[in-house]
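User: Hi! I am new to reading protein structures and would like a close look at a single part of this one.

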Amino acid sequence: MSSVPTQSTYITSHKNYSNEKSKVMPRIVINTRPVERAAPLTQHLQAAGLIVVEMPMLTLRPRPTTDLDVALMRQWMAGEYKALVIVSPTAAASGLVAWQSLEHEKRKYKAKDGNDNYAQRLSKGLSLPSPLVAVGEATAAEFSQVRIDTTDYQILQPETANNEGMLAMPEIDSLQADDKLLIWRGLGGRRLLVDTLQARGVHIDSIAWYERTMPIDAMAEYQQWQQDFLTHSIASDIALLKQPKPIVVISSAAAFEHWSNIVNDGQSKIINKEQNSDAVADTTQRLSLTLKDFSYVVLGERLANMVAAQQLSYWRVEDLSPATILSAIHSKI
């Protein structure tokens, strides 16, 4: 598992604009995606001329595989589910390891029985026992690392890489009461797919291969970035109100919760200091930013409602492709 960026890495990414001579800063984007998923977006936005600061608000940590997880995997391998849905590259990678391990055990057992036909079939690769739905290209790409026999079933992707896109797929839309669906996922996350299908009477089982936690360095990284940002604003002798708001990319409710906690915690500490000092209240000399000092790119209706409830400015996107996010940034709020 990759670690969050070090402080020196962060400062290097920030110095591109801290030395800027102009009084108007280039547009800054804070990429809060996990380390494992941040690079494509960062590179795409940098190529478009934006200043990108990687500041992960989530760390993806593997969860122990339980006996129930193994039982669900065996049921899927036995063909008991109408489809398998995989919601992230991390879930795909973790599930694939478990699948290969169970297939290896199965192969050894069959070899003891001298079942040559089985061994011959395995030589073609892992055999899909149901359609496999990968939420996006990065998730589907995890399966290119191994040989998979798609003679009977295919690896499918929705036209739009989100819950709504998967619900529109014939393989998912056709599910009826008492049909069974297996989901590989992380702990938490959006529930639109699950809630919609359960309301239809579909039986949903899921395996949470990982959990999302806040990186241990997140607070320190934010405070360092904020100090540099405000220092540069003061040195440029121009009010923050006249600067373009930094843009924060938020892809999950957990990431927004962590971001909000960090920003609000920093703000509350500054307020306490100002109550006991003669600190200047002018915007250019303010010692802390608030949630409203940023604009947000958020994924889906749930996150849009969360930021709207706090009267924050935002763009709503329906998928997290770099092109979609850049297009949103270039549009007007």
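Which residues does Phe294 touch, not counting residues up to four places away in sequence?

Analyst: A word on the model comes before the answer. This is a predicted model, in which local features need pLDDT of at least 70 and side-chain atom pairs count only at pLDDT 80 or more, while totals for chains, interfaces and linings use all residues. Residues are numbered from 1 along each chain as its sequence is written, and side-chain values use heavy atoms, with hydrogens and water left out.

Leaving aside residues up to four places away in sequence, Phe294 touches Ile30, Tyr222, Trp225, Lys245, Pro246, Val248, Trp259, Leu289 and Ser313. A contact here means heavy atoms within 4.5 Å.

Phe294 itself belongs to the largest nonpolar core, which has 43 residues. A nonpolar core is a set of buried Ala, Val, Leu, Ile, Met, Phe, Trp, Tyr and Cys residues joined through side-chain atoms within 4.5 Å. Buried means under 20% relative accessible area, exposed means over 50%, and partly exposed is in between (1.4 Å probe, protein chains only). In the largest core, the residues that touch the most other members are Tyr222, Trp225, Ile250, Trp259, Phe294 and Tyr296. In soluble globular proteins, nonpolar side chains tend to be buried together.

Now let us step back to the whole chain. Of its 333 residues, 46% count as buried. The chain has 13 helices and 13 strands; these are DSSP runs numbered from the N terminus, with helices (H or I) of at least four residues and strands (E) of at least two. Among contacts with a separation of 6 or more, 71% come from residues 24 or more positions apart.

For contrast, here are two residues in loops. Asp178 lies between helix H8 (170-173) and strand S9 (180-186), and has a positive phi of about 80 degrees although it is not a glycine. With 67% relative accessibility, Asp178 counts as exposed. Gln311 sits in the loop between helix H12 (300-309) and strand S13 (313-317). Gln311 is not a glycine either, yet its phi is positive, at about 55 degrees. Its relative accessible area of 63% makes Gln311 exposed. Strand S13 spans 313-317, and Ser313 is one of the residues that Phe294 touches, which brings us back to your question.
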